[in-house]
Amino acid sequence: MRIAYSVETVRAAEQDLMARLPEGTLMQRAAAGLAAACADLLNRVYGARVALLTGSGDNGGDALYAGARLARRGAGVTAVLLSPDRAHPGGLRALRAAGGRAVTAAEGEPALMHADLVLDGIVGIGGTGGLREEAERLVRLVRGTVVAVDLPSGVDADTGEVRGAAVRADATVTFGTYKPGLLIDPAHEHAGALRLVDIGLGSYLPSTPDAEALQHDDVAALLPRPTAESDKYRRGVVGVVAGSARYPGAAVLAVAGALRGGAGAVRYVGPGADTVIARFPETLVHTGPPAKAGRVQSWVVGPGLGDGAAARHSLDDVLGSDIPVLVDADGLHLLPSGGLHGRAAATVLTPHAGEAAALLGASREEVESGRLAAVRALADKYGATVLLKGSTTLVASPGHPVRVNPTGTAWLATAGSGDVLSGLTGSLLATGLTARDAASVGAYLHGLAARRTTAPAGAPIAAYDVAAAVPDAWRDVLG
């Protein structure tokens, strides 16, 4: 699992560790890992042209010491100093002693334009706001591979927000632990490939991170597996309340996702029974209301449901049950304004940015630029687990670290994709996974399925294609 900590937490851990080490040890560890990562990205170090775009803080010192190591291996290294009078003195001495050179911003333009690799050491994790005008102008000159030192300059390490111009790196080498902004869009889009350098912070960080991202092994450990004693009812039954005369396809897509989510059976309730049975004859169907449809272990309600009296009654019916409920799409617009804190059973809400904005009384732009704050606010307001869909899907439950899904792809921005995700996640709820785990695993498999569908040609996909590829994604995880 990738875990991420806030800047404040990282700074405190660094101070505790540095108090037990000789002066400069931590920076040397970071520089060594950074130089090794750069060497891996270069075809060869000897004769390579490397530029260091450095500011005045320790981030610039990391870049200068790493540049010195590359210079000792035969690279031609030029440090372009944005603040020559405040450059890290020890790093600058080390670079010059190794045969590197340091120049002002104006003198360094040719080096930036012709470098094979450029290290972004402008500002570190404590930086706020976008790049200043001079730094932005120099970054635009770069044509080679860009490696960010700890995180791309101009992005917010804690929130993933980008409030102005920022470096777009091909790779980011981060130290000690991941920072939330490296995992969450829009900053994640600026980070490129991520590489973590261990500098010894592990035992100085708290056990609970601020954010985390599941990996294959984590998901494999959570996936439900039937035993020899299992039957379709012991494996779980998921109820799907979806579809209407206007949106009959939503019922089909939600059921498609549910059938592939690990539960033993799917019980559909709604006006689209004939359409659902024609596509999936194994589905159990009922005209409703949900409370009279038969035993289920979880409910999925909302996709294509509409906003009339029947839709509201169906939502009230399932929310009044004592089993886990996932609410999506039209169901979100019908939620009680006071939240769902009175429900004893788990509730999962799965809004996209527009729906989240409506639930929070904010603008869509505010949600998209501050996704971490938005998902946390929704989870607290409604007393529920919230899966905020988008370029990086986030899962928040009150009192727990936010989970960041690493498998998303832009191809999931297609009609009906969310219906498939709802059915898939609801099915995982029916197998007995917690709301947080079901939402996290559902998002992970959904993203893998979409990647499976687009590979290798990257052709456009439809939501049903994603549902059909979920078993392949499941096999990918289990190996």
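Aspartate 150 sits in the loop between E6 and E7. Its phi is positive, about 75°, although aspartate 150 is not a glycine. The model is a predicted one.

Strands E6 and E7 belong to an open sheet of 7 strands. The order is E4-E3-E2-E5-E6-E7-E8, and the pairing is parallel. Strand E4 (101-104) and strand E8 (193-197) stand at the edges. Each has a single partner strand, so one side of each lacks a neighbour in the sheet. Direction ignored, neighbouring strands here are turned by 20° against each other on average.

Strand E7 (residues 171-175) runs parallel to E8, and 5 bridges join the two. Threonine 174 stands opposite leucine 196 in E8. A helix also crosses this part of the sheet. Helix H2 (residues 25-41) lies across strand E5 (117-121), strand E6 (145-149), E7 and E8. Helix H2 runs at about 145° to E8.

A cis peptide bond links aspartate 185 to proline 186, with omega near 5°. Proline 186 is in the loop between helix H7 (180-183) and helix H8 (187-191).

Now turn to the other sheet. This open sheet has 11 strands, in the order E1-E9-E18-E17-E16-E15-E14-E13-E10-E11-E12. The pairing is mixed. In general, strands of a sheet pair through backbone hydrogen bonds, either parallel or antiparallel. Strand E1 (2-4) and strand E12 (284-286) are the edge strands. Each has a single partner strand, so one side of each is left without a neighbour in the sheet.

Leucine 349 stands opposite valine 386 in E16. Helix H17 (residues 417-430) lies across E15 and E16, and also across strand E10 (237-241), strand E13 (298-301) and strand E14 (325-327). Helix H17 runs at about 165° to E13.

The loop between E12 and E13 holds proline 289. The peptide bond joining glycine 288 and proline 289 is cis, with omega about 5°.

Next, the cavities. A search of the whole structure finds 3 of 30 Å³ or more. The largest cavity holds about 60 Å³ of space. Its lining consists of Leu214, Val395, Arg403, Val404, Asn405, Pro406, Ser440 and Tyr444. Strand E18 (402-404) and H18 are the elements that give two or more residues to this lining. By type, the lining divides into 5 nonpolar, 2 polar and 1 charged.

H18 leads on to a helix pair. Helix H18 (residues 435-454) packs against helix H19 (residues 463-478) at an angle of about 105°. Their axes are 7 Å apart. That angle makes H18 roughly perpendicular to H19. H18 contributes Tyr444, Leu445, His446, Leu448, Ala449, Ala450, Arg452 and Thr453 to the contact. From H19 come Asp465, Val466, Ala469, Val470, Asp472, Ala473, Trp474, Asp476 and Val477. The residues of this contact divide into 11 nonpolar, 2 polar and 4 charged. Tyr444 of H18 is in the contact with H19, and Tyr444 also lines the largest cavity.

Definitions and conventions. Residues are numbered from 1 along each chain as its sequence is written. This is a predicted model: local features need pLDDT of at least 70, side-chain atom pairs count only at pLDDT 80 or more; totals for chains, interfaces and linings use all residues. Side-chain values use heavy atoms; hydrogens and water are left out. Axes are lines fitted to C-alpha atoms, for helices over the stretch in contact, and angles run from 0 to 180 degrees between N-to-C directions. Helices (H or I, at least four residues) and strands (E, at least two) are DSSP runs, numbered from the N terminus. Angles under 35 degrees count as roughly parallel, over 145 as roughly antiparallel, 65 to 115 as roughly perpendicular and the rest as oblique. Contact means heavy atoms within 4.5 Å. Ala, Val, Leu, Ile, Met, Phe, Trp, Tyr, Cys and Pro count as nonpolar, Asp, Glu, Lys and Arg as charged, and the others, Gly among them, as polar. Two strands pair if DSSP finds at least two bridges between them. On a 1 Å grid over the protein atoms alone, a cavity is a set of points where a 1.4 Å probe fits but cannot get out, and a pocket is an open set with protein on both sides within 12 Å along at least five of seven lines; lining residues have an atom within 4 Å of a point. Grid points are joined across faces, edges and corners, and a volume is the space filled by probe spheres set on the points.
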